[in-house]
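Dear colleague,

Please find below the structure that I am handing over to you. My findings follow it.

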Amino acid sequence: MDRLDNTIRPYAWGSTTAIPHLLGVAPTGEPQAEMWMGAHPGAPSRTARGPLTEVIDEAPERELGPRTVAKFGPRLPFLLKILAAGAPLSLQVHPDLEQAREGYEDEESRGIPIDAGHRNYKDANHKPELICALTEFDGLCGFRDPLRAADLLAGLDVDSLKPYVDLLHAHPEGAALREVLTAVLSADPEAMAETVTRAAAACARLGGDYAPYADIAHHYPGDPGVIAALLLNHVRLQPGEALFLGAGIPHAYLDGLGVEIMANSDNVLRCGLTPKHVDVPELLRVVRFEATDPGVLRPEAGPDGEEVYATPIDEFRLSRYVLPEATAPHDLTLPTPQILLCTAGSVRAGEHILAPGESVFVTADEKAEVSGPGTVFRATVVA
């Protein structure tokens, strides 16, 4: 096993205290948004053998196993993170695999630099993701039923929102959601900023179901994404609960600490709550305009104490073990690569003692035994 030394990304929305508290270190006063574990070229984990990207490149089949390489190529297909939101992230969607390939090839053919601010597709991969709460965790996930969204907007009693209410009542579900989101993102910026200001004041006054949107507006005053956010389901996860975000599902994380795992991609299309580029036509091509239940996931009991968060994709598989004291070690050996992450207690993984926030990379077929007391998350692939 390789102990991992991981990069913490200081994005502005990050909590200043959540990751330091988990690690048992003093806060620096600066935001600490994400700790990355894996072989993403933007911030690969470091090992005693070198950066994990280089370790895998030198011998892909040894590190990942022949089954993983045959299915996904000579790369680690997932990226594991600890995510700490102290403020709302951008409202966003991710493309499916076909959309990502088409978008990437199109932007490559047009010569758009990979680091250009208006570039949508940084790679040709999709980006399904799963967030599992370590603390109470707030987010937005998927469209509300249009009639429920209409009632929420109508309750604000803002005249400039009434055309959206009428649209949500007048059209079939998909058309209603598409027309309203298009109208919100295409509106005159000054007029929309005034609408958002009035809606935010109403949200703050009403509280209750409106309270999350008042907080969003506090962080993003005048942003049309505030109105777009009112079209979405608000969900509050309890520790151990999770959300799966598939292609085309609009979502945003608002507050809390969690373990996140995703396919190894940077492809994001933003709908608002951001100063970054919003490509409305491409966004509308990717968004799935249908009302959805957020679908809160709870772990399913597997063999030998494993608790699995079931998802419909193969690039990652996330599970956890809550390990009591004084029990025999659990054998976690697999023919696929693994990252083991401790989030509570003190976990022995092979020869390594892991405190909260510490992790190891386990090569395919390497002997992997863990014991507690503590909680360890296991990230691997389905191959």
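The largest nonpolar core of this predicted model has 51 residues, and Leu140, Leu156 and Leu168 are those with the most contacts inside it. A nonpolar core here is a set of buried Ala, Val, Leu, Ile, Met, Phe, Trp, Tyr and Cys residues joined through side-chain atoms within 4.5 Å. Buried means under 20% relative accessible area, exposed over 50%, and partly exposed in between, with a 1.4 Å probe and protein chains only. A second, separate core comprises 34 residues, including Val55, Val69, Leu130 and Tyr309. In soluble globular proteins, nonpolar side chains tend to be buried together.

Neighbours within four places in sequence are left aside for Leu140, whose contacts (heavy atoms within 4.5 Å) include Leu91, Tyr213, Ile216, Leu232, His234 and Pro250.

As to conventions, residues are numbered from 1 along each chain as its sequence is written. The model being predicted, local features need pLDDT of at least 70 and side-chain atom pairs count only at pLDDT 80 or more, while totals for chains, interfaces and linings use all residues; side-chain values use heavy atoms, with hydrogens and water left out.

Leu243 belongs to strand S11 (residues 242–245); helices (H or I, at least four residues) and strands (E, at least two) are DSSP runs numbered from the N terminus. Leu243 counts as buried because its relative accessibility is 4%. Beyond four places in sequence, Leu243 is in contact with several residues, among them Leu130, Ile131, Cys141, Val235 and Val296. Leu130 is also one of the residues of the second core.

Asn125 lies in the loop between helix H5 (97–109) and strand S8 (129–133). With a relative accessibility of 9%, Asn125 counts as buried.

For the protein as a whole, the secondary structure comes to 12 helices and 23 strands, and 55% of the 383 residues count as buried. Of the contacts with a separation of 6 or more, 75% are between residues 24 or more positions apart. The C-alpha atoms fill a box of roughly 65 × 50 × 40 Å along the principal axes.

Yours sincerely
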